[in-house]
Each structure stands twice: as structure tokens, then as C-alpha cells.
Amino acid sequence: MSPLKISWKSLWSKPLSSALNIMLIAFGTGILTILLLASNQIAQKLDNNSKDIDLVVGAKGSPLQLILSSIYYIDFPTGNIPLKEAKELSRSPFVKRAVPLALGDNYNGTRIVGTDSNFVGIYKLKVQSGKFWEKDFETTIGSAVAESQHLKIGDTFYGAHGLTGNSDVHKSHQYVVAGILEPQGNVTDNLILTNIASVWKMHDDHEETEAHEHGDEGKELTSLLIQYRSPMSVAMFPRMVNETTNMQAASPAQESTRLFSLIGVGVETLQWFAVLIMLIAAISVFVNLYNSLKERKYDLAIMRTLGASRGKLFLIIIAEGIILTLAGTIIGIALGHLALQFIGAYQESSQARLSGLIFLKDEIYLFVAGLAIGIFAAIIPAIQAYRSNISRILSKN
């Protein structure tokens, strides 16, 4: 009989002890899998949504809140900024492209974003069907919105005031779906895009009419997404905005790094907790194999007398450790993916939704760690089995 078969039968002879060791390893591996997948997806989402945006200009307040509301659409805006001042900033020699945003409404929790053609350019958007918005109250919706809200070209819907909820629906105007975007793999998949005039008209018809009479007076935007013209802009433009205007400039790169470092503290704590569980599992496997060796000394000695070599006994014990830890690792990785998929299904924000259906190359290191723990836990009992004195063991029995 091969060493692997003997090891397998030996483990099955102690199902409770083997199951406990596998559960410990699976629990530790599961936590590490969730952390690996979640941190990778969060980092990717942060990068995908802000990679072509150098700066966000908005009302004074928390810079992180401004970034979260204007790039990731997962927080409330810090306020509004005057359209006149926003236009002046857009014409600055430091600015290559300025994308205006007007937020404030939603449709079943999906944000309605008033913007212009610069938004299409900065995110390199393409339509899957239909066209980009042109007239007031025409919308182009993200692919995820079309799927989740069951919307198609020509469908109409009403927006509601606020960023979530349908308590204050604007019944005065209907939006119409003019186009559906190709899947982008970023936040635009979960947005409803229209022109800024639609957002203004939706909130107050008579104010909008007065604003027409007085040019840009009284009109407001939520924020501006800025692309720099030259490297010199990095040093000059944010300081100019913060010191000479009533607005604030926030860097997506800096705020995203700060956000990830805040998340990282909790992730690191959980990682050490998972590593501790894995160490406890390794000790548990070692104790299990060590006690098992004591109980089976006579059986192993008989195997030696029947022709089994020292190397075969060594391999049997090593194989037991590897089987336990690899089984626990495989179950742990599978549980980690299932748990993250379950968590993602109940997340409120579709923009930040995590998926357990993504597999990473780095997960191979979890298998390597499982293999290493198995060998490490089994090496001392295996050496003892290798060095066992047959005549002394048989004479005691």
C-alpha cells in the first residue's frame, strides 16, 4: 500500500481530531482569502475611478468627503459652488480639462449626475446602444443600472430628491433613457448621466428661468473634476484654489491613499489574527501527529519488520500533515470566496460592491503556506518515526 493511502486511512481513523485541525486551518485561510480579495478589489476600484482625475474642486469641508462624493459617489457632497467661479477656474492656464458635476437626485438609489461631454472624454465612455444625452431630461445610463433597474432605450422614469430613497419624487419632469453605456469596470457602470440643465430644471423651474435672465448668477454646481495641463499645475493650482477662493481643492491620489491607510489598520489587525489562528492550527496538527505516533509505534514497527523502509515511515507522517493542511487550505479559500460573495450581495452601495467570483494569482501563496505548515507540523514526528528503534518497541510489547 502506498504511503498516501496509509496516511489517508490513518487520518480517517480519528475523524474528530482531523476535522478540528482542518477547521482551524480553514478558518485562518478563509480570513486571509477575504482580506486578500477585498483589499485587492478596493485598491483596484480606487485606481480605476480616479486614474485620469488630478484634482477635485468643491465646497469647503472634508477633502475625503469631497473625493468620496464626486469620484466614488458613496458620500454626501460638501455643498455647492457658484457656477460663475467654477467657470473662471475652468479657464485657468493650469487646467487642461474641467468636468462640471451637479448632484442631488437619485433613481431607486442610483445617482443621477448632471455633467457635460467632458465627462465622456475623461472616462473614455462608449455607448453600447442608443446615444449620449443631447436634450434636457435625456439620460445615458451605465450597464449595471440598465440591468439592475430593468431599463431599456426609450423607457421613462422619475428622479427623487436626495442621494438615496424615493420619499420626494420629482413628478414635474420625466427622464428618458437615450443610451446605455458599454461596461467600463468603474463607477460609471452605476450612474445615470444627463446634462446639468436637467438637474437645475428638475429642482426649481422658476429659479432656473430667473437664472437665464441673469446669466450665471444664482446657478450652482456640486464640484469640478480637473485634469492638469502641465506638471507645474500640481504645485500651483491647488494652493491657488484653497487660498484665493471660497472653494477647496482635494487630490484623489492623496485622499485615496489616506483612505486605504485607514482601512489598512483594520486589515493588518485581521491579518495578524488569521496568522495566529494558522499558528495554532500548526501546533494542533503537530500535537495530533505526535500523539498519533505514540499510539502507533507498535504498528509502525510491524511495518518495518514486513519490509517498509525508514523513508516510507517518514513519508507517511509527512503526508498526514500535508493532507490535513491542504484540505483545510482548499476549504478555507472556498469559504473565503463564498463569504465575500455573500457580503457583496448585501452591500448597499453598488459602486463599492465586492465580489467573491474573482480569483487572484496571489492565492497560490495560500496553498504554499498550507503546504509549508503541513511539513513544519509533521517534520518532528516524521523524524521520530524515521529514528524509531524496532527491537526496543517490539520488546516492550
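Ring pairs join Y107, F137, F157 and Y175 into a cluster. Rings of Phe, Tyr and Trp (its six-membered ring) pair if their centres lie within 6.5 Å; planes under 30 degrees apart are stacked, over 60 edge-to-face, and the rest tilted. The model is predicted: local features need pLDDT of at least 70 and side-chain atom pairs pLDDT 80 or more, while totals for chains, interfaces and linings use all residues. Residues are numbered from 1 along each chain as its sequence is written, and side-chain values use heavy atoms, without hydrogens and water.

The whole structure holds 10 aromatic pairs. F94 and F237 form a tilted pair, because their ring centres are 6.4 Å apart and their planes meet at 55°. This pair links distant parts of the chain, 143 residues apart. F94 sits in the loop between α4 (83-90) and β3 (95-107), and F237 in helix α9 (residues 232-244). Helices (H or I, at least four residues) and strands (E, at least two) are DSSP runs, numbered from the N terminus. Both F94 and F237 are buried. Buried means under 20% relative accessible area, exposed over 50%, and partly exposed in between (1.4 Å probe, protein chains only).

UniProt, in an unreviewed entry, places "transmembrane region" at residues 20-38, 270-293, 313-344 and 364-386. Such annotations may be inferred rather than shown by experiment. Residues 270-293 are 100% helix and 0% strand, with end C-alpha atoms 34 Å apart. Residues 364-386 are also 100% helix and 0% strand. Their end C-alpha atoms lie 31 Å apart.

Y365 lies in helix α13. Y365 is exposed, with a relative accessible area of 57%.
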